[in-house]
Amino acid sequence: MPPAAEDLDPKRYGHKRAVRLVNWRVEHDPTSLWLQDRLKAVRPGVDRDGNPYDYRDEPVLDPADEARMIDDAVYREDADGRPHYGRIMRALASWYPNEAERFDMARRIAENRCDALRRNVIGDPTRCYSARLVGYALTRPVRMEAILARPPYNLSAHRMRVGKRYMDRIGAYAREHGGRLPDKRQRDRIWDENMGDFIHEKIARGVQYGRGMYYSDGSNARPEYHGRPPRLDADGKPFNAREDFERMLAAGRAELDRTPGEFDDVVNRMDAHDAFASGGADAHAAWAEARRRGLDVRLIEDALGVDASDAAAWEAEYQALSSGAR
């Protein structure tokens with residue numbers, strides 16, 4: 001006999017009663033995640049706006065096809081051995097310069113998205129675990145940028161771009177040196193060169209280059225601050241911006257690794273569930289719908305991995321349209 005939903009620990013089983021019961025059943029019978037009759041829609045449904053939908057004619061995705069879709073999202077090879085890096089693998093390229101680590105994380109993300117989706121579908125008899133739905137799930141953004149943009153990291157869009165370019169250069173170094181990553185001294189040099197290039201490119205284009213830009217010796221990268229004493233860290237030593245970024249990146253990667261069900265936020269959070277489950281809406285559409293309904297759009301941004309600069313642009317567009325409507 002399964003326990004009553006209210007008796008299950010919400011910290012362990014989530015916050016929706018149906019999901020908690022599904023997780024309990026799966027824990028006691030893992031094969032239930034693969035039962036066709038559990039994964040097929042058995043009755044029509046109605047969305048929050050009262051619009052009916054019916055997925056009963058949609059076939060359940062075959063496990064072999066699911067495996068191929070996961071390979072397409074991560075990594076596969078042609079018959080002649082040519083490699084193809086999937087969307088999830090490519091999304092992690094800047095943050096995981098070591099290809100073996102990148103492959104492991106990408107596959108874990110893809111497999112856990114499918115696992116989270118199966119649990120969600122089993123808990124909702126109006127949904128079907130279809131190729132269309134799985135394909136949509138496997139193309140959703142990876143949330144590393146969203147992790148680093150929020151507390152305690154609070155990386156600005158400018159610092160995020162500098163960091164990504166730095167990691168791209170680290171990856172290029174590794175490719176040129178047989179997979180070996182540079183040591184600390186070499187990373188300081190790469191960081192400083194990258195920071196200088198970034199600032200000068202911005203100046204040449206006549207655009208802003210953000211605040212909080214420092215070299216590895218603690219000196220401010222903004223030209224107007226050249227010659228000033230270096231910034232000091234908590235121990236009174238020159239602030240090494242490269243080490244600071246790498247600490248934040250390591251913590252962000254650990255957070256992503258600690259939460260393998262990172263896609264649970266999307267499939268189990270009602271703010272994003274309807275847009276996701278329809279199999280056709282994109283992140284902007286989900287954000288706009290949440291904004292229109294007065295929901296907390298930060299939940300959507302976190303769940304769907306929306307870049308802070310994109311969110312700001314969407315908000316400006318929303319405000320402009322709202323002003324025009326008035």
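This is a selection-by-selection tour of a predicted model.

**Helix α4**

Select residues 63–74, which form helix α4. The helix has 12 residues and reaches 16 Å from its first C-alpha to its last, close to the 16 Å expected at 1.5 Å a residue. Now colour Glu-66, Ile-70, Ala-73 and Val-74, the buried residues of α4. They cover an arc of only 90 degrees around the axis, which puts them on the same side of α4. To see what lies over them, show β3 (75–77), β4 (83–85), α5 (87–91) and α6, which are included in the cover.

**Val-74 and its contacts**

Stay on Val-74, in helix α4. Its relative accessibility is 0%, so Val-74 counts as buried. Which residues does Val-74 contact, leaving aside its neighbours within four places in sequence? Select His-84, Tyr-85, Gly-86, Met-89, Phe-103, Ala-106, Arg-107 and Ala-110. For a distance check, pick the C-alpha atoms of Val-74 and Arg-102: these residues are 28 apart along the chain, and the atoms are separated by 9.4 Å.

Then show the rings of Tyr-75, Tyr-85 and Phe-103, which ring pairs link into a cluster.

**Helix α6**

Select residues 99–122, helix α6. Its 24 residues should span 34 Å at 1.5 Å a residue, and the end C-alpha atoms are 35 Å apart, which agrees. Asn-98 caps the N-terminal end of α6, with a side-chain oxygen 3.0 Å from the backbone nitrogen of Ala-100.

**Arg-242 in helix α11**

Move to residues 241–258, helix α11, and pick Arg-242. Is Arg-242 buried or exposed? Its relative accessible area is 2%, so Arg-242 is buried. Show its side chain with two partners: a polar contact of 2.9 Å joins it to the side chain of Asp-188, and another of 2.8 Å joins it to the side chain of Glu-246. Beyond four places in sequence, the residues in contact with Arg-242 are Tyr-166, Lys-184, Arg-187, Asp-188 and Trp-191.

**Aromatic pairs**

Next, display the rings of Phe, Tyr and Trp; with centres within 6.5 Å as the rule for a pair, the count comes to seven aromatic pairs. Zoom to Trp-191 and Phe-245, a tilted pair at 5.7 Å centre to centre with 35 degrees between the planes. This pair links distant parts of the chain, with Trp-191 in helix α10 (residues 184–205) and Phe-245 in helix α11, 54 residues apart. Trp-191 is buried at 4% relative accessible area, and Phe-245 is buried at 2%.

Then select Tyr-214 and Phe-239, an edge-to-face pair at 5.7 Å centre to centre with 80 degrees between the planes. Both residues lie in the loop between α10 and α11, so the pair ties together parts that are 25 residues apart in sequence. Tyr-214 is buried, with a relative accessible area of 16%, and Phe-239 is buried at 8%.

**Trp-287 in helix α14**

The last stop is residues 283–292, helix α14, which contains Trp-287. Trp-287 is buried, with a relative accessible area of 1%. Select Trp-314 as well: Trp-287 and Trp-314 are 27 residues apart in sequence and 8.3 Å apart in space, C-alpha to C-alpha.

Notes. Residues are numbered from 1 along each chain as its sequence is written. This is a predicted model: local features need pLDDT of at least 70, side-chain atom pairs count only at pLDDT 80 or more; totals for chains, interfaces and linings use all residues. Side-chain values use heavy atoms; hydrogens and water are left out. Helices (H or I, at least four residues) and strands (E, at least two) are DSSP runs, numbered from the N terminus. The expected span of a helix is 1.5 Å times one less than its number of residues. A polar contact is a pair of N or O atoms within 3.5 Å; within protein, one must be able to donate a hydrogen and the other to accept it, and residues adjacent in sequence count only if both atoms are side-chain atoms. Buried means under 20% relative accessible area, exposed over 50%, partly exposed in between (1.4 Å probe, protein chains only). Contact means heavy atoms within 4.5 Å. The arc is that of the directions from the helix axis to the C-beta atoms. Rings of Phe, Tyr and Trp (its six-membered ring) pair if their centres lie within 6.5 Å; planes under 30 degrees apart count as stacked, over 60 as edge-to-face and the rest as tilted.
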